[in-house]
Amino acid sequence: MSKSVIRTSRLVLRAPNPEDLDRCAVLLGDYEVAKMLSRVPYPYDLELGRQHLARSVKRWENIADADELGFHIDHEGDLIGGVGFKKLQETPEIGYWLGRPYWGKGFMSEALDAAIGWMFENTGHERLACEAMTENQASIKVMEKAGFRPVGEVGCASVSRGETLPAIRSEMTRTDYLSSL
């Protein structure tokens, strides 16, 4: 795993950097975004954001040992969201977020396709998982469009809401991905 920049027709997926903090604070500081994510507090905490970005940068410096890797998504030079993988030493789980001004434009489907391709091209993983809160139908549609298949219901702990909410877990195999190309 080495390539830290992915280009699509409209987007650039790149490693996060500390200069992204202010833009993350604006986009993730929107409750409508934060409430659908598991690990983002509301209101957005700048110090926690700074720490998260610092860890994200370090992971790219030592990819072989990383258990998580994230990409920030740029459109026309502006940060609009993120997509990342956790549990890289097990069955990786992909997660994603997009700032509200960018919803409904196909950006996340484009970014997710690119990130999934990156994962299967750069690792030996045979399976990739994804979870979305049941009420987040837009995210579930993005998962389905990407080729994920539901495998069960799980609980998703939401830091911003302080509770665990029902979620759908979906998975995709390398074979599923390759057959969709």
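How far does α4 reach from its first C-alpha to its last, and what is expected at 1.5 Å a residue? The points below take up that helix and then the parts around it.

1. Helix α4. The model is predicted. In it, α4 has 16 residues and reaches 22 Å from first to last C-alpha, close to the expected 22 Å at 1.5 Å a residue. The helix is mostly covered, with 13 of the 16 residues buried.

2. The core. The largest nonpolar core holds 50 residues, and those touching the most other members are L13, V83, F85, I94, I116 and F148. Helix α4, residues 107-122, gives the most to this core: ten residues. In soluble globular proteins, nonpolar side chains tend to be buried together.

3. F148 and S170. Leaving aside residues up to four places away in sequence, F148 touches I94, I116, L128, A129, C130, M143, S170, E171 and M172. S170 belongs to strand β8, residues 163-173, and counts as buried because its relative accessibility is 2%. With the neighbours up to four places away again left out, S170 touches L128, A129, C130, M143, F148, R149, P150 and V151.

4. Helix α3, length and start. The 16 residues of α3 (residues 46-61) should span 22 Å at 1.5 Å a residue, and the end C-alpha atoms are 23 Å apart, which agrees. At the start of α3, a side-chain oxygen of D45 comes to within 3.0 Å of the backbone nitrogen of E47.

5. Helix α3, two sides. Which residues of α3 are buried? They include G49, L53, S56 and W60. These cover an arc of only 60° around the axis, which puts them on the same side of α3. An α-helix has 3.6 residues a turn, so residues three or four places apart point the same way. K58 and E61, on the other side of α3, are exposed. The cover over the buried residues of α3 includes α1 (21-28), β3 (68-75) and α4.

6. Aromatic pairs. How many aromatic pairs does a search of the whole structure find? The search finds seven. In one of them, the rings of W60 and F71 have centres 5.2 Å apart and planes at 65°, so the pair is edge-to-face. W60 is in helix α3 and F71 in strand β3, so the pair ties together parts that are eleven residues apart in sequence. W60 counts as buried at 11% relative accessibility, and F71 counts as buried at 1%.

7. F71 and W118. F71 also forms an edge-to-face aromatic pair with W118, at 5.1 Å centre to centre and 85° between the planes. Because F71 lies in strand β3 and W118 in helix α4, this pair ties together parts that are 47 residues apart in sequence. Both F71 and W118 are buried. W60, F71, F85 and W118 form one aromatic cluster; F85 is also among the core residues that touch the most other members.

8. H72. This residue lies in strand β3 and is buried, with a relative accessible area of 7%. The H72 side chain makes a polar contact of 2.7 Å with the side chain of D20. Not counting residues up to four places away in sequence, H72 touches V12, L13, R14, P16, D20, C24, L53, L79, G81 and G82. Of these, L53 is one of the buried residues of α3, and L13 is among the core residues with the most contacts to other members.

9. Backbone points to check. Most residues other than glycine have a negative phi, and most peptide bonds are trans. The peptide bond from Y42 to P43 is cis, with omega near 0°; P43 is found in the loop between α2 (31-34) and α3. E76 has a positive phi of about 50° although it is not a glycine. E76 lies in the loop between β3 and β4 (78-86) and is exposed, with a relative accessible area of 72%. K87 also has a positive phi, near 60°, and is a residue other than glycine. K87 is placed in the loop between β4 and β5 (93-98) and is partly exposed, with a relative accessible area of 31%.

Methods. Residues are numbered from 1 along each chain as its sequence is written. This is a predicted model: local features need pLDDT of at least 70, side-chain atom pairs count only at pLDDT 80 or more; totals for chains, interfaces and linings use all residues. Side-chain values use heavy atoms; hydrogens and water are left out. A nonpolar core is a set of buried Ala, Val, Leu, Ile, Met, Phe, Trp, Tyr and Cys residues joined through side-chain atoms within 4.5 Å. Buried means under 20% relative accessible area, exposed over 50%, partly exposed in between (1.4 Å probe, protein chains only). Helices (H or I, at least four residues) and strands (E, at least two) are DSSP runs, numbered from the N terminus. Contact means heavy atoms within 4.5 Å. The expected span of a helix is 1.5 Å times one less than its number of residues. The arc is that of the directions from the helix axis to the C-beta atoms. A polar contact is a pair of N or O atoms within 3.5 Å; within protein, one must be able to donate a hydrogen and the other to accept it, and residues adjacent in sequence count only if both atoms are side-chain atoms. Rings of Phe, Tyr and Trp (its six-membered ring) pair if their centres lie within 6.5 Å; planes under 30 degrees apart count as stacked, over 60 as edge-to-face and the rest as tilted.
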